[in-house]
Protein chains: 2
Amino acid sequence: MSTLCLTLDEIYELTRSTMLANGCDEANAAALADIIMRAERDGSHSHGLFRVPGYVKSLRSGKVDGKAKPTVVKKTRALIHVDGGGCFAPLAQAVGLPVLAEAAAEIGVAALSLTNIHHFAALWPETEFLADHGLVGIACTAYMPMVAPAGSTEKLFGTNPISFAWPRPGKPPVCYDMATASMALGDVQIAAREGKTVPLGTGLDAEGKETTDPAKIAAGVLLPFGGYKGSAIALMVELLAAGLTGENFSFEAAENDNHDGGPPRGGEIVIALSPALIAGEGWNAHAEAFMERLTSLEGVRVPGARRHANRMDTGSRTINKSLIETIHGLS
Amino acid sequence: MSTLCLTLDEIYELTRSTMLANGCDEANAAALADIIMRAERDGSHSHGLFRVPGYVKSLRSGKVDGKAKPTVVKKTRALIHVDGGGCFAPLAQAVGLPVLAEAAAEIGVAALSLTNIHHFAALWPETEFLADHGLVGIACTAYMPMVAPAGSTEKLFGTNPISFAWPRPGKPPVCYDMATASMALGDVQIAAREGKTVPLGTGLDAEGKETTDPAKIAAGVLLPFGGYKGSAIALMVELLAAGLTGENFSFEAAENDNHDGGPPRGGEIVIALSPALIAGEGWNAHAEAFMERLTSLEGVRVPGARRHANRMDTGSRTINKSLIETIHGLS
């Protein structure tokens, strides 16, 4: 695979200029460029530049409004709602998250529902934002149906990621962001592009049979991680991201989408909780005693640690050359 | 296995009188009897009468105060805290859950932290209570270390159950309650008692090797469900139930416990969210369209459905005779 080296600024600028060239205003382009740069910076390639062609498709088809101005409403002292107006998720989050953090710091728990957005990115930026403000963060979103509930061979759930962050003042937070599918769709797509196989149990082919071929799974169904227990978590994500926000369930997202290859319209829920208000003084020292135990165990990796280690490297990143050429061709 | 038939009232009265005979006051005995009767009624045997000897041990050792009077404080309009004063969890929940439900119905999201309680029961009664009030419920508790984080062979996590309920007005809610261990400790204990084997992957023996012998796993470590993703969910439960409440982490519960065989002191977090306030009018019809899709899939079971089906049978229940004799011997 032929590669090119891009600095983080170059990744940001490439994304920003591509978005501006395809109808985004400055605010939307900057929010998206920031999220893409951070994904590449942290090594989350499946949410980085790999997504740009999809973002552009949804701008060109008119599905996403690159000039949308998200509006934020505080429905109660603990409930914040952002109507994205058809924007990409990052701008809606940039508008809503500070209001959510302020509410949770004041009242101890708060929820942010986002509707009329198009989410095609990782979820850790949302929960990590909260952790950076001393708050616990939980975020969920749904997507197009790709995953069969446990026991079934028919897709109904999205890959339905859940992200969780625990604040560690002065240290990188505990922070994970994982598909409740056995594998993220982006990673299945990358495996297919690179001609690799995936573990048995990742998904079923179009006939409902197990396969290790990612291309066949992309044309069939993914399975939830962890059997019926993982399926229960995927169900929770679907109900929180769609039922609780009043936005599209995954099956509705597919029915209402124009199938341009970009992200469908959907919802997201973000919950923030304050350990300082709930546990009170000393909460951090108490939690750190646990973290010390956890990190002392051989073979255990703190979720988010690899991403934070990648982040320490401020140098350039190695990107698939044909992907860069594809993106240049979009301006 | 020799069995006896007991009516639901007899199960309630047997538990109540056993608790009264071992130092509980009327309020504590009634709350516990209710939770045990409901577990047997719904077929959750590992949380029913099977637990009574353990409850009694912790009363006799003085670890649990059977006359404790839990106190409830509203710290903010969205945060409720119950100090159990060393009681069994059910009485503390009975005091706190109505206040939580009222707060969530008013402000849209609220959290209940319970500390200084001894939790030895299922978690679905908490979340189902919220669903019966039209609210989404999420509950987590930690326990003694029994589960090795993914990648490790040393136990650190409790079996760390998570319960989730989605309200379906006029219908039984979606409601699950599952250990984030591959199997609940109670079920491993029952399998050991009944001389059964458990699936490979359930846990490791004292030497860190895989085994199908539940007795060896009880003396070794359980594994999380679903590999590193399930381990991430178990970690979230540990941080929410202990870090966020300021109560014992599982490893602290073990260190601080008198090892009388009864439930250790611990914490619990319960989060309630209002779909009526967050999604607004029409939330139920919207979610039911999804539930219709889900239930139409061949091979899919709605979480909680089996428990609710069992509940429809108001007749007597078949109980292990030696267990009944053991319980009679405790009065």
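Select Asp42(B). In this predicted model, Asp42(B) is buried, with a relative accessible area of 2% (buried is under 20%, exposed over 50%, partly exposed in between; 1.4 Å probe, protein chains only). Asp42(B) sits in helix α2 (residues 26-42) and Arg311(B) in helix α12 (residues 305-312) of chain B, so the bridge ties together parts 269 residues apart in sequence. Helices (H or I, at least four residues) and strands (E, at least two) are DSSP runs, numbered from the N terminus.

Before moving on, note the conventions. Residues are numbered from 1 along each chain as its sequence is written, and chains are lettered from A and ligands numbered from 1 in the order written. Because the model is predicted, local features need pLDDT of at least 70 and side-chain atom pairs pLDDT 80 or more, while totals for chains, interfaces and linings use all residues; side-chain values use heavy atoms, without hydrogens and water.

Jump to Asp42(A). It is placed in the loop between α2 (26-41) and α3 (52-60) of chain A. Asp42(A) is buried too, at 2%. Show Arg41(A), Glu128(A), Arg307(A) and Arg311(A): with Asp42(A) they are linked in a network of salt bridges.

Next, Lys63(A) and Asp260(A). Their salt bridge has its closest N and O atoms 2.7 Å apart. Lys63(A) lies in the loop between α3 and β2 (71-74), Asp260(A) in the loop between α9 (250-256) and β10 (266-273), 197 residues apart. Both residues are buried.

For a local pair, pick Lys321(B) and Glu325(B). Their side chains meet in a salt bridge at 3.9 Å, N to O. Both lie in helix α13 (residues 321-328) of chain B, 4 residues apart, about one turn of the helix. Lys321(B) is partly exposed at 32%, as is Glu325(B) at 45%.

Now show both chains. A rotation of 180° with 0.0 Å of shift along its axis superposes chain B on chain A, RMSD 0.0 Å (least squares on C-alpha atoms of residues with pLDDT of at least 70 in both). That is the relation of a two-fold axis. Find Gly226(B): its C-alpha is the nearest to the axis in chain B, at 1.8 Å.

Colour the interface. Here 70 residues of chain B are in contact with 70 of chain A (heavy atoms within 4.5 Å). Finish at Arg293(B) and Glu255(A), whose side chains meet in a salt bridge (2.6 Å, N to O).

Terms used: Salt bridge = Lys/Arg side-chain N within 4 Å of Asp/Glu carboxyl O.
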